[in-house]
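Hi,

Here is the structure I promised to pass on. Have a look at it first, and my notes on what turned up follow below.

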Amino acid sequence: MAARAVIRFAALLVAAMMITAAPALAQTNDPNLTQTEIDCLNRGTAAADCIEDDTKDNNGERPGAGSAATNAVFLPALIVDLFPNPIGGGQAPLPTPDPRRDPASGALPPPVPPAGAAAIQAAAPGGPIVSPTDFVAAEPPRAVVGDFVPDEVLVTVDGDAVQQIAASFGLEVRSQRHSQLLGTTLVRFGIPDGRPVGVVLAQLAADGRTLRREPNHIYSLQQAATIVNYAFERIALDSREASGENVRIAVIDTAIDDTNPALSGVIADQFDAMPDVPIEARDHGTSIDGLIAGVGALKGMAPGARIYHARAFEGGKSTMDVILAALDWAAEQNVRIINMSFVGPKNDLLGVACRNARAFGIVLVAAAGNNGPKAPYGYPAAFDGVIAVTATNARDGLMQQANRGAYVFLSAPGVEMVAPSGAGSDVVTGTSFAAAIVTGAIANLLHAAPDRSADWVEKALAATARDLGPKGRDNDFGYGLLDTKAAEASKE
């Protein structure tokens, strides 16, 4: 293998030398060359008529030029031979950008000594672009798990080197903002040249100006299906006494229909994390808010709670950067609970945001997922400090589509429940709605004693849950079915 690599490298050097020689001959003042022959030598491909004309004269050969014409190596053919075209159809492959090249002039800057992470970090803002030598990745290309935006990466940057990083790595800045929960600047870089996300993440790892580098993962709302709400009875919460009055709760979901009577006076504020995307769906978010704090005929678990609703989903989907924007807004509203009825792959940026939100004293509740018993762990539910909720039916049986795993923390009703939907109501099923039931129950606990901490809530729910599966915590039901009355009575 080593010998073969040496031979290929030598061939590349020879080819490059011959490529360099061709333009010099094409520009000669040799009076024996016709304009047609000069044009043929300047062409990027060897057309058959040019080869025939360039290699023959009246005597069957062209003096002084035959060797150059027959030995000419054309760059496009060389590229195709060494680097198979991933596009197909005979098109030329996309060029790999040189991170050291000035994007404006196309010129290379003066040579710089190899720079490590410390040297890169020390580069003064606005100074010369300093990048990893020869665009070499600091680690193998990452295997990216889960759905993600194929031409974007999310990067946290400490300082004002965003534009320099973009120029150094052939990226474009699509958005940037300071994240409260991440404690730094979050940048969404676009990849305009078709490089795989895993390759770009590995390349960026060589630059000390970048702190964290992640795919822009895609997350999905957890609604599994399209006959009075039995949740109050199953979680031991008296519907006549239920109250979350003045407890501030953030919900990250679809847009809502705030004309629904169940949401009258419930919504304290709203935030649109994707303002450029037209609103088409409002059902899921309306159901979540209604199950938590609805009023009237479709009473929620914690009437009187103040909902701070962030729209971050459309068509059941969202991306990591949008969700992070919604989480930051929620944290700024001084909420006590954040409901996250969505699931996606593991993303370290989301993990940091959840960890920091928990450190601020916020209780985090998330859907465990509706992707089946063999599905991978669902995030954010599987992060430490997040209460992962699975769904049960009116007989305390597990929803068949529910995710399983050691991260499942608690069970709550979530199968075939009546909930507000759009301007009316619907029967809903999914771990999304079970998460909303738990969020409402926690609001009751915090209403009764506002000084209760996030740690107290987590411990009380685990200690008082009614065991449903094998003794103790298990991968199906977690600690068991939520018991609000028992949790309320528990001591520190």
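**The annotated site**

The side chains of Asp253 and His284 make a polar contact at 2.6 Å (a polar contact being a pair of N or O atoms within 3.5 Å; within protein, one must be able to donate a hydrogen and the other to accept it, and residues adjacent in sequence count only if both atoms are side-chain atoms). Before you read on: this is a predicted model, where local features need pLDDT of at least 70 and side-chain atom pairs count only at pLDDT 80 or more, while totals for chains, interfaces and linings use all residues. Residues are numbered from 1 along each chain as its sequence is written, and side-chain values use heavy atoms, with hydrogens and water left out.

An unreviewed UniProt entry carries the annotation "active site" on Asp253, His284 and Ser432; such annotations may be inferred rather than shown by experiment. These residues span 180 residues in sequence, but no two of their C-alpha atoms are more than 10.0 Å apart, so they gather at one spot.

Asp253 is found in strand E5 and His284 in helix H10 (helices, H or I of at least four residues, and strands, E of at least two, are DSSP runs numbered from the N terminus). Asp253 counts as buried at 0% relative accessibility, and so does His284 at 6% (buried is under 20% relative accessible area, exposed over 50%, partly exposed in between, with a 1.4 Å probe and protein chains only). Contacts of His284 include Ser432 and Ser341, counting heavy atoms within 4.5 Å.

**Strand E7**

Of the 6 residues in strand E7 (residues 306–311), 5 are buried, so the strand is largely enclosed by the rest of the structure.

**Aromatic pairs**

There are 7 aromatic pairs in the structure (ring centres of Phe, Tyr or Trp, its six-membered ring, within 6.5 Å; planes under 30 degrees apart are stacked, over 60 edge-to-face, the rest tilted). The rings of Tyr219 and Phe342 are 6.2 Å apart between centres with planes at 85 degrees, so that pair is edge-to-face. Tyr308 and Trp329 have ring centres 6.4 Å apart and planes at 55 degrees, so they are tilted. That pair links distant parts of the chain, with Tyr308 in E7 and Trp329 in helix H11 (residues 320–332), 21 residues apart.

Cheers

Key
Lists of a residue's contacts leave out its neighbours within four places in sequence.
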